[in-house]
Amino acid sequence: MATATTERLFDELACVLGQDLEGTCRRNEPLSKHTSFRIGGPAALWVEAESLADIRRVHEVAACHELALTVVGRGTNILASDAGFEGICLALGSHFRSCAVDPEQRSLTAGAGMLLARLVQEAQSAGLAGLEFATGIPGTLGGALAGNVGTRLEWIGPLVREVTVYVSHDGLQRLRGADISWHYRRSSLRGAAVILEARLALIPDDPQLIAQRIDGALAHRKATQPLFVPNAGSVFKNPEGVSVGALIEKVGMKGACQGDAQVSELHGNFIVNRGAAQAQDVVKLITEIRDKVQTNYGIELTPEIRFLGSFDER
Ligand code: EPU
């Protein structure tokens, strides 16, 4: 719970950072504006960095005042608490959305703030294949790398040749893709640093054929996932060899509601916000699903979504 003293500190820091940064700093910024769930109370400070100096400065301030600092991409995999986040949320501004294609090297270098959807398009226009699986996956390249996003069969890790990150105290580091551990919906980049840029290795191909594969992937997603209602992607990770969506359907939770939160009728592993859902509504559904799957199948589900802020009710 924020005290009057911490509130004053955040007020002062909002002024200081507002002056120091090339980017922007907002006080009590609603996280519901920055999450695909459209859920979440205020972030005490919301910073959009426009330079490396901004990122450094925000880390200095957080360390100096012992404040929580978290990096947020497009908020597509996040459930933010109704009480918000009592710390600094750092997002990458337009400076980190550049993209350059190198046909000679068969590679594409992009800023971590760039939308994955845009990257898929850039690769297609340049006649570089390999990213089609990412069609319809929301969020930024940085988020995609942190979570090693993908489908059931393919994910982004194996395409990565190099990643540039900012590590507090150590500064810039360049990591080889092969030295990063890539796991199912998780990579060693998560939590360790601010991901700034990555170079992906792709394969030359006919742009029309790439476009056809993109269309096919999008049609499949549209048919199986609730793409046009606010949600945060898969709620749980699939346990080895099992589809959580099917399990959730079998325990009868598909379509279940709590307030304005609903287990999607299209895909059981998605929860959608039908209007004014609160984080606590989503948490109640998550708890009910976990209990039912545990009781009926003896399987303990692990959430794939990231929880931001405090959740007493979890
Ligand atoms: N199924 C059901 N009921 C449901 C949902 C699915 O019976 O409500 C069945 C389907 O009929 C199918 C099987 O479960 O036979 C698998 O379903 P699907 O192809 O949708 O795959 P998934 O395992 O549910 C995974 C990823 C998705 C990714 C898809 C397609 C996870 C947790 N989910 O879903 O990733 O888009 O494969 O490749 O790994 C994400 O991570 O956010 C995400 C959306």
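**Close-ups of the ligand site and the nonpolar cores**

View 1. Sorted by class, the shell around the ligand holds four nonpolar, 10 polar and six charged residues. Keep in mind that this is a predicted model. Of the 20 residues around the ligand, the ones that come nearest are R152, Y184, N238, E249 and G268.

View 2. Start with R152: one of its polar side-chain atoms sits 2.4 Å from an oxygen atom of the ligand. S234 uses its backbone instead, with an N or O atom 2.9 Å from a ligand oxygen. For S243 we're back to the side chain, where an N or O atom is 3.0 Å from an oxygen atom of the ligand. As for cover, the ligand taken alone exposes 810 Å², and the protein buries 75% of that.

**View 3. Inside the largest nonpolar core.** This core counts 57 residues, and the members touching the most other members are I55, L116, L119, L131, L145 and V163. Zoom in on L145: leaving aside neighbours within four places in sequence, L145 is in contact with I156, V160, V163, W182, S187, L189, I195 and A198.

View 4. Another core lies apart from the largest one, and it has 27 residues, including V244, V263, L285 and I289. As a bit of background, nonpolar side chains tend to be buried together in soluble globular proteins.

Technical notes: Residues numbered from 1 in each chain as written. Predicted model: local features only at pLDDT ≥ 70, side-chain atom pairs only at ≥ 80, totals over all residues. Heavy atoms only, no water. Core = buried A, V, L, I, M, F, W, Y, C linked by side-chain atoms within 4.5 Å. Buried < 20%, exposed > 50% of the residue type's maximum accessible area, 1.4 Å probe, protein only. Contact = heavy atoms within 4.5 Å. Near = heavy atom within 4 Å. Polar contact = N/O pair within 3.5 Å; in protein donor to acceptor, adjacent residues only side chain to side chain. Areas by Shrake-Rupley, 256 points an atom, 1.4 Å probe, with all protein chains shown as cover. Nonpolar A, V, L, I, M, F, W, Y, C, P; charged D, E, K, R; others polar.
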